[in-house]
Amino acid sequence: MSRRYLGLPRGRSEEELDLFIKKLELQAKETAEERIPLYLKVGVKDADLILDVGCGSGMVTRDIANLTKGEVFAMDESKEMIKVAKKVLKEFDNVHLAVGDAHNIPFKDNTFDITTCNLLLMWSVDPQRVVNEMKRVTREGGIVLASLEPDFGGKVHWPENPKVDRIFAGEAIRRRGGDPHIGRKLRALFVRAGLETEVGIGNTRIWTCEEDKAYYLHARDYYIKVLREAGLSHEEIDQWEYEYLKSLDDGIQLNFFPQFYAIGKKVKKDG
Ligand SMILES: C[S@@+](CC[C@H](N)C(=O)[O-])C[C@H]1O[C@@H](n2cnc3c(N)ncnc32)[C@H](O)[C@@H]1O
């Protein structure tokens, strides 16, 4: 299968990899309040076998492992990510890591009680094939869960900055080979896989300006890099940052974009 850029910088330097891992750590922390209720809803606590596909650095897998006594398998196509995940998850005896492609999941049919992914479909070359594969390895009566997949077309943001907003409203994701509108496609992907499907939006809470500011300052290097890659000059970036931070300090900034989830039940063949 031909490879596009999958959210991880290709031919990356150690510095780029560190930035990416830092961003994943922040994301995992900030989205725990959306994901954990979903894990509980689909029965992670009582599951015997769970698979996390596209686990990255393992920070989301850690939340799952903390909730269950079952065995948690986690896989990613990137050897580098699996190396990081090994460190992040080293205290868990019930977590098993593997390198593998989500388009050809290296497990047998009908194996897992729950097969889950987080922020994977937006970076997948063929998201339909990934969901089909997740269904294949899930047992009958089991659950396929996509816990967070954003839709940047639904981004609401004020005050505006026309130069920068379009970059963060999808352009940057597209440039990196991702699909900024994957959220709205989740229902179709799950239904076409033959799953009994429920979709929803996980993040109904609007962050405070203090939360937005803390997130930005932690991930600042990453955002500046994205703006540089998009061709903005140092002056333009400085001006944007000044205005953005001022609106946060003035307590008037509002930022929201929907994070969709999908829960799919693999129904038994006899009903
Ligand atoms: C944005 S990261 C999310 C990581 C993790 N799920 C999280 O939420 O922190 C996307 C991950 O998907 C992995 N990935 C992308 N395409 C993949 C594929 N076809 N098979 C397996 N992993 C893939 C990348 O290597 C990366 O680690």
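**Entry 1: conventions**

I note that the model is predicted, that local features need pLDDT of at least 70, that side-chain atom pairs count only at pLDDT 80 or more, and that totals for chains, interfaces and linings use all residues. I number residues from 1 along each chain as its sequence is written.

**Entry 2: confidence**

I looked up pLDDT, the predictor's confidence in each residue, from 0 to 100. The protein chain has a mean pLDDT of 93, and 95% of its residues reach 70 or more. Over residues 1-6 pLDDT stays under 50, and for this stretch the model has 10 contacts beyond four places in sequence.

**Entry 3: the whole chain**

I recorded 9 helices and 9 strands in the protein chain. Helices (H or I, at least four residues) and strands (E, at least two) are DSSP runs, numbered from the N terminus. The C-alpha trace spans about 60 × 35 × 35 Å along its principal axes. I then compared the radius of gyration, taken over C-alpha atoms, with the globule rule of 2.2 Å times the number of residues to the power 0.38. A compact globule of 271 residues would have a radius near 18 Å, and the protein chain, with 19 Å, agrees.

Among contacts between residues at least 6 apart in sequence, 75% join residues at least 24 apart. Of the 271 residues, 37% count as buried. I call a residue buried if 20 or more other C-beta atoms lie within 10 Å of its own, exposed if 12 or fewer, and partly exposed in between, with C-beta atoms placed from the backbone.

**Entry 4: strands β1 and β2**

I examined β1 (residues 49-53) and found 4 of its 5 residues buried. Strand β2 (residues 71-76) is largely enclosed by the rest of the structure, because 5 of its 6 residues are buried. The two strands pair in the parallel sense over 5 bridges; pairing requires that DSSP find at least two bridges between them. Within this pairing, L51 stands opposite F73 in β2, and D52 stands opposite A74 in β2.

**Entry 5: backbone geometry**

I found a cis peptide bond from W158 to P159, with omega near -5 degrees. P159 is in the loop between β6 (156-158) and α5 (162-175).

I next noted N110, which is not a glycine but has a positive phi of about 55 degrees. N110 belongs to the loop between β3 (95-99) and β4 (112-117). N110 is partly exposed because 13 other C-beta atoms lie within 10 Å.

L119 also has a positive phi of about 55 degrees without being a glycine. L119 lies in the loop between β4 and α4 (127-136). L119 counts as buried, because it has 22 C-beta neighbours inside 10 Å.

**Entry 6: single residues**

I placed A193 in the loop between α6 (186-192) and β7 (196-201). With 21 C-beta neighbours inside 10 Å, A193 counts as buried. Leaving out residues up to four places away in sequence, A193 touches V131, N132, K135 and G264. I also checked A193 against D48: their C-alpha atoms are separated by 24 Å, and the residues are 145 apart along the chain.

N66, in helix α2, is exposed, with 12 other C-beta atoms within 10 Å.

K225 lies in helix α8 (residues 220-229) and is partly exposed, with 15 other C-beta atoms within 10 Å. I found its C-alpha atom separated by 9.8 Å from that of L19, although K225 and L19 are 206 residues apart along the chain.

Technical notes
Contact = placed C-beta atoms within 7 Å.
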